[in-house]
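Subject: Handover of a structure, with notes

Dear colleague,

I am passing a structure on to you, and it is shown just below. My notes follow, and I would be glad if you read them with the model open beside you.

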Protein chains: 2
Amino acid sequence: MVRQVTAFSNATVKRLRSLREKKARRAEGLFLAEGLRIIAEARDSGQLPEIIAFSPEGAKHPLAAEIIAQAEAAGADAVETTADILAKMSGKDNPQMLLGAYRQPDTSLDRIDRSTADLWIVAQALRDPGNLGTILRTGDAAGAGGLILIDDCVDPFSVEAVRASMGALFTQQIATARWDEFIAWLRSGEGQLVGTSLKATDDYLDSKYERPCFLLIGNEQQGLPADYEAACDLLVKIPMAGRADSLNAAMATAVMAFAIRSSWR
Amino acid sequence: MVRQVTAFSNATVKRLRSLREKKARRAEGLFLAEGLRIIAEARDSGQLPEIIAFSPEGAKHPLAAEIIAQAEAAGADAVETTADILAKMSGKDNPQMLLGAYRQPDTSLDRIDRSTADLWIVAQALRDPGNLGTILRTGDAAGAGGLILIDDCVDPFSVEAVRASMGALFTQQIATARWDEFIAWLRSGEGQLVGTSLKATDDYLDSKYERPCFLLIGNEQQGLPADYEAACDLLVKIPMAGRADSLNAAMATAVMAFAIRSSWR
């Protein structure tokens with residue numbers, strides 16, 4: 001049954017709105033995704049929201065109507081509400097007409113089956129949610145299996161990260177781990193750990209990448225700590241032509257991921 | 001002479017603050033850059049601010065002090081102010097301790113000398129200032145000569161674009177033009193126009209790139225219009241592995257720019 005909600009003070013409205021905060025996401029184990037494109041991507045990846053909110057206009061779109069019906073059939077709380085209330089929940093003047101609250105997946109490292117993909121992206125102390133989402137999207141486009149977040153990274157389930165991922169949050173596996181946990185797990189099986197460093201002597205285009213390859217990306221400001229670089233099986237550099245500084249973390253990920261992939265053709 | 005400014009109502013404070021708005025930037029012909037890293041990059045590229053504002057702490061840094069002295073010697077208005085006032089001007093809680101107002105360069109297409117670089121990036125209807133800045137930074141790293149902005153793009157001199165460029169705004173030439181102007185200019189000399197399209201049949205890794213190469217990047221949402229694609233000398237695709245959508249505009253630029261550059265080695 002679709003519920004009609006027209007009050008800003010409604011408990012579900014407040015609950016969805018609270019999911020913009022990390023504390024509430026952690027307490028509830030839920031996160032928000034906004035817009036038909038991302039919600040359809042989630043559905044196509046087999047994931048339906050536990051709560052789905054939409055405006056009357058949103059429900060008119062055939063694909064949206066189909067997903068709302070599927071979510072309801074699967075037990076979701078389906079809430080028809082006003083554009084104003086959706087705007088309040090999304091924190092945007094021009095809100096999407098569809099919004100879902102999804103269960104956060106288990107992000108334990110032991111849920112990752114490395115044999116399911118040739119490439120995995122490992123990011124350390126990533127600070128910017130837009131970068132995180134963009135890296136997920138790039139990983140998806142480059143055929144990575146998922147993203148392993150090391151040390152104190154920004155929350156991958158933040159609204160900004162989900163939005164920047166353009167749905168790749170639902171197609172990429174996500175794990176979080178401390179560095180020592182990650183290294184122990186990595187060395188318990190096959191896998192080449194590849195870092196990029198401006199100090200490396202091996203050119204990224206002349207290097208041999210093994211499968212599975214774990215591409216390690218450092219923090220936006222500091223790059224990789226020295227002992228993390230030392231733990232890599234291969235350290236490569238992307239030669240820079242420029243007078244300004246290096247590539248940003250997400251760009252370096254894109255260039256490396258596509259270079260690794262093309263080296264396997 | 002360094003002026004001391006301690007009033008929020010000071011005319012220079014208001015003037016610098018106003019440069020966060022496009023209207024004021026256009027009227028004044030100035031734009032803002034924040035932080036020592038970017039301002040040092042500008043200086044290293046031969047550009048000094050017309051107004052430089054700094055906190056007492058900011059002026060203590062030897063490199064900052066050197067640049068402040070150089071700017072003053074070149075006739076800049078040097079303003080020592082408080083951290084609170086810098087915060088108001090930069091619109092950030094945690095402001096940079098150094099802020100400069102720079103003269104906007106002439107962005108006429110006829111200022112571009114295509115013989116000075118092998119690669120030029122051409123972006124159409126780019127909407128996001130962070131993407132624009134990131135594309136500038138990527139162009140710098142990949143050895144591009146500059147960025148040509150076609151149709152209605154976001155302002156390259158916005159604070160967000162300058163920040164995301166990490167100083168590449170000062171090392172890359174910038175031009176703005178309508179599409180028909182650009183095509184007339186392009187065809188008046190040598191140059192291969194390369195577009196990316198999911199519909200293309202040529203793989204980006206198997207294609208031959210000529211110099212100078214003009215890499216055409218489409219709008220974040222719609223990609224390139226069909227007639228723009230038709231005007232390209234070469235249309236290539238980056239094969240996507242993913243289940244979600246394509247690479248974003250800045251990522252596609254990075255992958256293409258580095259692939260073109262590596263094809264010339």
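Residues are numbered from 1 along each chain as its sequence is written, while chains are lettered from A and ligands numbered from 1 in the order in which they are written. Please keep in mind that this is a predicted model, in which local features need pLDDT of at least 70 and side-chain atom pairs count only at pLDDT 80 or more, whereas totals for chains, interfaces and linings use all residues.

Helix α3 of chain B spans residues 36-44, and its buried residues are Ile38(B), Ile39(B), Glu41(B) and Ala42(B); a residue is called buried if 20 or more other C-beta atoms lie within 10 Å of its own, exposed if 12 or fewer, and partly exposed in between, with C-beta atoms placed from the backbone. Seen down the helix axis, these buried residues fall within an arc of 155°, so they line one face of α3(B), the arc being that of the directions from the helix axis to the C-beta atoms. Their cover includes β2 (30-34), α5 (62-73), β5 (98-103), α8 and α9 of chain B. In chain A, the buried residues of α3(A) include Ile38(A), Ile39(A), Glu41(A) and Ala42(A), and α3(A) is followed by Gly46(A), with a positive phi near 85°.

The next level up is the domains. Chain A is divided into domain 1 (3-103) and domain 2 (109-263), with bounds that come from an automatic or database domain assignment, and the C-alpha centres of these two domains of chain A lie 31 Å apart. The contact between them takes 13 residues from domain 1 of chain A and 10 residues from domain 2 of chain A, two residues being in contact if their C-beta atoms, placed from the backbone, lie within 7 Å. On the domain 1 side, α2 (22-28), β2 (30-34) and α3 (36-44) of chain A are the elements that give two or more residues. The residues of that side divide into five nonpolar, two polar and six charged; here Ala, Val, Leu, Ile, Met, Phe, Trp, Tyr, Cys and Pro count as nonpolar, Asp, Glu, Lys and Arg as charged, and the others, Gly among them, as polar.

How do the two chains meet? In the model, 30 residues of chain A are in contact with 30 residues of chain B, and α7 (129-141), α9 (168-171) and α12 (249-263) of chain A each supply at least two residues of the side that touches chain B. That side of chain A divides into 14 nonpolar, 11 polar and five charged residues. A rotation of 180° with 0.0 Å of shift along its axis superposes chain A on chain B, with an RMSD of 0.0 Å, which is the relation of a two-fold axis; copies are superposed by least squares on the C-alpha atoms of residues with pLDDT of at least 70 in both. The same surface serves both copies, since 100% of the contact residues of chain A recur in chain B. Of the residues of chain A, Val255(A) comes closest to the rotation axis, at 2.5 Å (C-alpha).

Not counting residues up to four places away in sequence, Leu215(B) touches Leu119(B), Ile121(B), Val122(B), Val194(B), Met256(B), Ala257(B) and Ile260(B).

Finally, some backbone details deserve a look. Most residues other than glycine have a negative phi, and most peptide bonds are trans. A cis peptide bond joins Arg211(B) and Pro212(B), with omega about -5°, and Pro212(B) lies in the loop between β10 (202-203) and β11 (213-217) of chain B. Ala125(B), not a glycine, has a positive phi of about 50°; Ala125(B) is buried, with 22 other C-beta atoms within 10 Å.

Note on methods:
Helix = DSSP H or I, 4+ residues; strand = E, 2+ residues; numbered from the N terminus.
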